[in-house]
Amino acid sequence: ADSSGVWVLDASPTTKSLSSVWIGTTSMWIGGEKGTLLSRTPTGSVWKVTKPLTNATIVGIDGVRTDGAVSALCDDGLLLRNQWGTFVIDFPLNQPLKAFTLNPTFLKSGRLVGPGGVGVMLGYELVANFDVSTTADLNTIVMVEENIAFAFGAGGACVKGSTIDYKKWRNCTLPQPEDVYAAAVVMEGPLRLPFPAPVANLQQRTAANEWLTVAQYPVVLESMNYRLSGEDVYIIDFSSFKTIGTYRFSIDGVGNSFSFQIAPSALDVVAYHTCRMLYYQRSGMPHGLQVPFAEARFSRPIDHEFNTSVGGRRIDGAYHWSIANSSLYDGESICPLKTKVCPAETTRDVSGGWFDAGDYGKYMSTAVAAVWRLLVTVEIMKAHNLPISDSMNIPESGDGVPDTLNEAKWSIDWMMKMQKADGGVFNKVAAEVWEWGPPATSDLGGQSIRFILPRTTCDTATAGAVFAAASRLWAPYNATFASILLNRAYRAKRFLQ
């Protein structure tokens, strides 16, 4: 379809039957019989033929809009993966399949369906069948939400389930018991304003709770089909407007924005809850997260701690076997495979730090990114002589040190535990199985050994940079700690040299 919505005949470089299509922000792919794969850019006019990797028919192509992961499924169960613009064989699933969908959050995971109600769960290094609650031939599958998918097939078969766990899928009902061969998710679509765009009315809330237009600003189209969202991005620049109050934007024919404040303290609440959020991510607190620092509904007992005794809490953590295969291996004693309790000599105290965004691992890369932003925040506020709160209601509040630095220290203390005496820094701490809930309360949480993964030069460099920056900022408050941090930074530097 062209830009006006009219369907036109597109020139094809092949006579093979075509059966699947996928459109991303920077590339488009079509698959068909005899392993046929065609590609072009969304704005291009010529389709290119990719050298076939198989004689099977490609029945499905899926990926994420940014093209970070694009895969193709063949009817014999062979899975192909796009790697830097070229398809390669990923792995054979060794059973006939008809359709699949990738999970955009976990790029190498998804669900595949086929004849006889076959369902396959695909993970990073996992291929397993799962119960789709039907024996009907399933022809198509679509993801309607981030982790929810529907599959359809012969006789109006319809099943629904999660794309990230093993739970049995549930049956759903279609109005007619007809064979279903294709399905699509219809989005509401991006907002596209007429050109030239209408003006935006800046409206202030009055004492009578009415909205009064106080200024007008142009709406500028910044980007069409923005690569990160597929939407049009518009900019309204009202940075020159300084009058304190509560406002909203209103655009004729479009609607009203959410209300917002203009005031020197407008973002104070955001800053407060951002720092508080990191407190709630803390791991290894001696008594867990408890009132008064945690709201009662968010309180939890102690989670991971360093304890190698049999019957005690699971250690945090043990050296993973992959460390011995690393070029930076330093003689660490590796915890034996298939054991429930690792020998003491194979463990290391890496308790503390923050849990990651949606799981209970602790990763150096994300810890560094978060700590660095906290340190830069303190540095900017000091440069502008702005007050920095010491009353964020965390255990360290009131000690005379900005709580932004105190919260950063909780993670920095963990980062130092991840650094060996020679300066090298380990990559992460993670459980051998997925933990579905808080480690101290869930069925799986806390029952799995948590492994330390190999040291890397990247993690060493970024951790060293954080140690150096933190040393400078901590010097006015704790010269001893600042000296320790500087020493850690030099260790990292020497290791890299």
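Predicted model: local features only at pLDDT ≥ 70, side-chain atom pairs only at ≥ 80, totals over all residues.

Reader: Which residues does Lys420 touch, not counting residues up to four places away in sequence?
Author: Lys420 sits in the loop between α3 (403-417) and β26 (425-426). Its relative accessible area is 12%, so Lys420 is buried. With sequence neighbours up to four places away left out, the residues touched are Asp330, Glu332, Arg348, Phe426, Arg455 and Arg491.

Reader: The side chain of Lys420 makes a polar contact with which side chain?
Author: A polar contact requires a pair of N or O atoms within 3.5 Å. At 3.1 Å, the side chain that pairs with Lys420 belongs to Glu332.

Reader: Is Arg455 buried or exposed?
Author: Arg455 lies in strand β29 (residues 455-456). The cut-off for buried is under 20% relative accessible area. Arg455 has 6%, so Arg455 is buried.

Reader: What is the N to O distance in the salt bridge of Asp422 and Arg455?
Author: Side chains of opposite charge can pair when their charged atoms come close. The limit for a salt bridge is 4 Å between the nitrogen and the carboxyl oxygen. For Asp422 and Arg455, the N to O distance is 2.7 Å.

Reader: How many residues apart are Asp422 and Arg455?
Author: Asp422 is partly exposed, because its relative accessible area is 33%. Asp422 is in the loop between α3 and β26, and Arg455 is in a strand. The pair links distant parts of the chain, with a separation of 33 residues.

Reader: Which residue forms a salt bridge with Asp303?
Author: Asp303 is buried, because its relative accessibility is 5%. The closest N and O atoms of its salt bridge are 2.6 Å apart. The partner of Asp303 is Arg300.

Reader: How many residues apart are Arg450 and Asp316?
Author: The side chains of Arg450 and Asp316 meet in a salt bridge at 2.9 Å, N to O. Arg450 belongs to strand β28 (residues 450-452) and Asp316 to strand β24. Both Arg450 and Asp316 are buried.

Reader: How many salt bridges does the structure hold?
Author: Salt bridges also link Arg282, Glu396 and Glu407 in a network. For the structure, the number of salt bridges is 13.

Reader: Where is the cis peptide bond that involves Pro292?
Author: Pro292 is found in the loop between α1 (268-280) and β24. Omega is about 15 degrees. The cis bond joins Val291 and Pro292.

Reader: What is phi of Lys34?
Author: Lys34 is in the loop between β2 (28-32) and β3 (37-40). Lys34 counts as partly exposed, because its relative accessibility is 46%. Its phi is positive, though Lys34 is a residue other than glycine: near 55 degrees.

Reader: What is the accessible area of the nonpolar patch of Trp372, Val376 and Ile380?
Author: Trp372 is in helix α2 (residues 364-383). Trp372 is partly exposed, because its relative accessible area is 39%. Patch residues need over 30%. Together, Trp372, Val376 and Ile380 have an accessible area of about 260 Å².

Terms used: Residues numbered from 1 in each chain as written. Heavy atoms only, no water. Patch = residues over 30% accessible without salt bridge, like charges linked within 9 Å, V, L, I, M, F, W, Y side chains within 5 Å. Areas by Shrake-Rupley, 256 points an atom, 1.4 Å probe, with all protein chains shown as cover. Helix = DSSP H or I, 4+ residues; strand = E, 2+ residues; numbered from the N terminus. Buried < 20%, exposed > 50% of the residue type's maximum accessible area, 1.4 Å probe, protein only. Polar contact = N/O pair within 3.5 Å; in protein donor to acceptor, adjacent residues only side chain to side chain. Contact = heavy atoms within 4.5 Å.
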